[in-house]
Structures are given as structure tokens and as C-alpha cells.
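Please open the model in a viewer and keep the sequence panel at hand. The stops below can be selected one after another.

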Amino acid sequence: MKAIPDRKLGNFGLKSKALVIFLLFVILPTIGVGVVVQYKYNQVLREQFISSTRRTLDNVTSRLGEQTKMVEDIADYLILSPDTRAFLRSYPRLQNEQKTVVKRNIEDFLTFQLMSRGYIRSIEISGFNGNSIEMGEPFIGDEARWQKEAIARKGGILWTAGYPLTSSWNGEVNVLSLIRILNSFSEVTKPLGMLTIRLDEASLAAQLEKGILEENEGSVFLIGDQGELILESANKMPDRFVPDADLMKKLSASNKKLTTYKVGGENYLTLYNQIETTNWKMVVMISEKKMAEQFRGVKMVMLVILLAILILALIAFFGFHYTIIRPILRLKIETGRVAGGDFSARVPVNSRDEISELNRKFNEMVMTIQQLIEHKYKLELRERESELKLMQNQMDPHFLYNTLDMIRWTARLEQAEQSSQLIEMLSKFFRASVNNGNYQTTLRKEMDLVQAYLYLQKYRLGDKLFYSLYVEPGLEEALTLKATIQPLVENAIKHGWDKTKPVNRIEVSAYTSDGVIRIDVADNGKGMRPERMQEIAASLRRRLDRLHGHEGALQNIHERLSIFFGQEYGLEIHNTSAEGTVIRITLPMPEAEIPGGEEHGQ
């Protein structure tokens, strides 16, 4: 069965194949790699941005934690200070001179704190015994709500959210306060007064944004432990959004304290840190759109590099087209002209590369073919004419057959039965051996030819020859070529005959084995020398220079079978020794098996 060619790729021309190759192996991989690199690079930039923001957030959180811890330390110091306890006690009351000294000591401490902590705007101590100290910027405003919550905490620290007060110096300002009830040192449940430390909200807000956000990139929030807003940066979110319970839940559930949250139809990268001293959470919301704008320059550089690679790939494709594909297509066109009989076809030779060398060889080949046509072909025509004339003068084969039949019947009429039978076999042999334009035959007819030949040889050699023919049932109509078995039998008699043996045997067997037909021609003759057998076997395998004599006949049969049936079929020397030789022919199995067979023996 002939293999069906793969026409999917064969239907494309060189241009299409080159375009497909460049598309599949250059352009698409370049775009794919560019996209992957762009995506990965964006991820790297994003991770670097997040890492940088995280470090800055840690620094700001740490600084803010230190500041709130310092304020709480001031409150703790005032509780433990003997001067504060003496100043706030109701009994025994201080003398005026003692009161003045104690108050000055407290004011000196508070003055130092105000001067060294720029974010503290004022410190106020209000004793329940009527004594009070107010240092720093004087404020007026309603703080009753926060004072009430501080009293409820019974000495616990209360951090307020930002709220407005009126300053005698700067007008209305927003402050963030620490309010705490100062209890007696000896009686921890007895309140002596109230401490209020007011911090500058604007200063703290500036610290929140410094180093974290550029202008209009997002916002920073301080969220209390109950989810309330403590402080907000100057940059406001769309629709005045502040972190709600849903956002805080997402942040708490994230291992990296990181999430993406949509506000006003825009995604915001959201991070948070917790201030351990106050349990506040610092939340940073950065616009991913603004963040992407920062990377736009890098993306443009990557895009330019990708476009440059694609342009170079296209230039390479057109260069490949004009230097390789186009000359090959030109060669194809000129080859078509030669195939159509136009031997004036030529291709230009403009360089010294391999394609120009191919063009040069093509031109030389066309010139050589043209010369052969003009000289050798004409000579062959003359020889053919001579052969035809000679054939006309030869005897008609049908006349020979009819003459042999007439002689055979004459011998029978004269009762020469043996002569009649010999003439009949000779006629049968001639009929089977004549080509008549058809070189194919069946195994049955080829064995008939062998039988006729051996019958004639048997009459000549007498009891010195014994032969047997066998065909496995079903192989009679198997296809073979004419004159493939009979020449082997003839070689066995002419070249393998051993005069020292009383009987020379020739056995021809046709049978199936391993899915093929095998035909063994075996004799018990004198065999051949090992080196000669190797030489013939090598010529059969590699088709070396033609041999002569019976070895040339073997090579001729092998080549005919291999060309007609395929390289895996043909002739081989199966065995040779002093006990005889076995020549084997291998043929393909017939498509349909027909029962039958015959065996002849003498």
C-alpha cells in the first residue's frame, strides 16, 4: 500500500512557509516573551513599590509609636511625681511658698517637654482641689465628651480622635489629645485631677504622608481600636471615604496586611500597620492608577525595545525573502520552462554564494541536456530504427509456436511419444518465456516455466538429475516477475553441478513465512567460495558495479524485484557450502489468497 502524502504542509509555497516560520518562531515568540517580560517586570516594579512603601510605613509607624509612647510616659511620670501628688492633694494643703515651689517644678518639666516635642501644643493639669497648670498654647472649646470618657476609664489612658478647638494664638485648629485621670498614688481609686496633653493634628498628618504618598496619590488614616477614625491625612479619598469594617476585615485576614480595594470605581492598593502602644492601625490607600503612571516611563522603554525587535525580525524576513526565497522561486520558474521543453531557460548568477552556485550548476545542466538531446538522442533514434528493421527480418514467434505444434503432432502420428512430449515442453517453455510486452506473471505460470525447463534438462541428464517443485496452497496466483525463478534453476545446473555426486538435486519451494512469500531454490551442488559469496551479497545489498556471468544474473533479478516491489523484497544467498546452495526470493503477500498448489518430482 502506498503511503498517503501529508498535504497539509505541502500545499504551502516557500513564501508562505517562510512567513509561517517567522510568525511561529520569531514574531509570536518575541511578542509572547515581550508580554511575559512586561508582565513580570510590572510585577517586580509593583513588589518593589510595595516593599518600599512598607518600609516607609514601618518607619512612620515606629516614629508615631515613639511619639505616643513619649506622651504616655509624660502622663506616667506626672502620676508618679511627688510634686504632682503634692500639688493635687486636698489635705494637707500646701503653704503658698510650697505651692509656688512645687508648681514651678512641674512647669519647668512641662516647659521642657513642650520645647523638645514640637508636636505637643499644650499640656493642662486640672486638680479637683482647685489647683491647675496650663502650659503651651491656650485653647478654648468643648472637650466634655472626651473628659467624660476619660473619667469612665478611672485612670486609663484615653486617646481622642481629632477635634477642633479655638486657639488664642492661631484661631481654630484641630488637635489630638491624651486625657487621663490622675489618681492618688496611695489610694489608686481616688482621683486627684485630670491631665490633658493636646497634640498638633496637622503635624501628625504631615508625618503620616511624608515619604509614603506623593500629591493626590491616596490617603493615610489612623483607625482606633474600635474602628473609629482617629486621624486623616490632608489628601482626601473620593466621596470622603474612610476605612470601614469591611476593609479592615479584609486587611486583618491578609497574611501580608495587604489588599486591593475599590473606591469610586478605582482600585486602591491598601496596606496597614498597627501601633502597639495605642492599638491604632495606620492604613495607607494608594491609587493603582497613579502608581501605574510612575511606571509608565519604564513600560515605554520596554515597549520600544519590543517594537525594535519586531522591526528587526521583519527586516530579517524581507532580507531572507529577497536573498534566498526569491532566487529559489526564480529557479523554480526556469525549471518549469525546462520541464515544458524550453531549453533556453537560464537563471542569473549575480554573486558567489550557494544559491548562485546552484544557479550556475542549473545553467550548466540545461546546456548539457540540450547537447544530449541534439547528439545522443538522435543517435539513439538511429539505433532504434536499426533494431526495428532487424526485428522485422526476424522470425515471427507465433510462426515458431505453430511450427513446433505441427512437428509435435507429426511425431505423435508417427507414434514417437517421447519426441512429441519433448517438443511440447519446448513449445511450452518458449511460450512462457516470451515477454509480449508484459513483465508480470503469476507464481503458477512461473513454476510452469521452471517445470518445462527442468523436464527438458531431465531428459538430457537422465538419472543424474532429480527435481521437485512445491507451491503452498493459496499462493498460485501471487504476483511475481517473469524470468525470476527459472534463471536460478539454470544457474544451479550450469554453475553448481557437481559431477562427483551420483545425483544432483534441485528443489524449488514457495511458502509463506513472517508475513511474506519466500521462494527457496536449493541444490546439493558444489556451492561457492565464502569470499565470492560475500562479494555477491555485498553487491546485492549496495548495488555495486555490475558483475558478470551468473552473479550478474542474480544482481539483475534482485534489482528488478526491489524496484518493482520495494527495497525490503528481492533476492539473497541464504546458504552456501560444500553441501549445496540455497538462493531465496522474498515477495509480498498477495492481496487475496486462492487455494491450490502443485508439486512435481522425478
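Helices (H or I, at least four residues) and strands (E, at least two) are taken here as DSSP runs, numbered from the N terminus. By that definition, the secondary structure of the protein comes to 17 helices and 20 strands. This is a predicted model, in which local features need pLDDT of at least 70 and side-chain atom pairs count only at pLDDT 80 or more, while totals for chains, interfaces and linings use all residues. Residues are numbered from 1 along each chain as its sequence is written, and side-chain values use heavy atoms, with hydrogens and water left out.

**The whole chain**

Begin by colouring the protein by pLDDT, the predictor's confidence in each residue, from 0 to 100. The mean pLDDT is 81, and 83% of the residues reach 70 or more. Select residues 1-7, where the pLDDT is below 50 and where the model has zero contacts (heavy atoms within 4.5 Å) beyond near neighbours in sequence. Then select residues 544-549: the pLDDT is again below 50, but this stretch has eleven contacts beyond near neighbours in sequence. Where pLDDT is low, the predicted coordinates should not be read in detail.

Next, colour the protein by accessibility. A residue is buried under 20% relative accessible area, exposed over 50% and partly exposed in between (1.4 Å probe, protein chains only). Of the 602 residues in the protein, 40% are buried. Among contacts between residues at least 6 apart in sequence, 61% join residues at least 24 apart.

**Helix α2 and its partners**

Select helix α2 (residues 14-80) together with helix α6 (residues 201-209). Axes are lines fitted to C-alpha atoms, for helices over the stretch in contact, and angles run from 0 to 180 degrees between N-to-C directions. The axes of α2 and α6 come within 9 Å and cross at roughly 155°. Angles under 35 degrees count as roughly parallel, over 145 as roughly antiparallel, 65 to 115 as roughly perpendicular and the rest as oblique; α2 is therefore roughly antiparallel to α6. To see the contact, show Val60, Arg63, Leu64 and Gln67 of α2 with Leu204, Gln207 and Leu208 of α6.

**A cis peptide bond**

Move to the loop between α3 (82-88) and α4 (96-116), where Pro92 is placed. The peptide bond from Tyr91 to Pro92 is cis, with omega near -15°. Most residues other than glycine have a negative phi, and most peptide bonds are trans.

**Two residues with positive phi**

Select Arg240, in the loop between β9 (229-232) and α7 (245-253). Arg240 is not a glycine, yet its phi is positive, about 55°. Its relative accessibility is 56%, so Arg240 counts as exposed.

Then select Ala483, in the loop between β15 (479-481) and α15 (486-494). Ala483 is likewise not a glycine and has a positive phi, of about 60°. With a relative accessibility of 33%, Ala483 counts as partly exposed.

**Asn131**

Go to the loop between β1 (120-127) and β2 (132-136) and select Asn131. Is Asn131 buried or exposed? Asn131 counts as buried because its relative accessibility is 10%. Its side chain makes a polar contact with the side chain of Lys99 (2.9 Å). A polar contact is a pair of N or O atoms within 3.5 Å; within protein, one must be able to donate a hydrogen and the other to accept it, and residues adjacent in sequence count only if both atoms are side-chain atoms. Leaving aside neighbours within four places in sequence, Asn131 is in contact with Phe87, Lys99, Ile125 and Ser126.

Select Gly141, in the loop between β3 (139-140) and α5 (144-153). Gly141 is partly exposed, with a relative accessible area of 48%. Gly141 and Glu172 are 31 residues apart in sequence, and 9.5 Å separates them in space, C-alpha to C-alpha.

Finish at Asn267 in strand β11 (residues 266-275). Which residues does Asn267 touch, not counting those up to four places away in sequence? They are Thr260, Tyr261, Lys262, Ile286, Ser287 and Glu288. Asn267 counts as partly exposed, at 33% relative accessibility.
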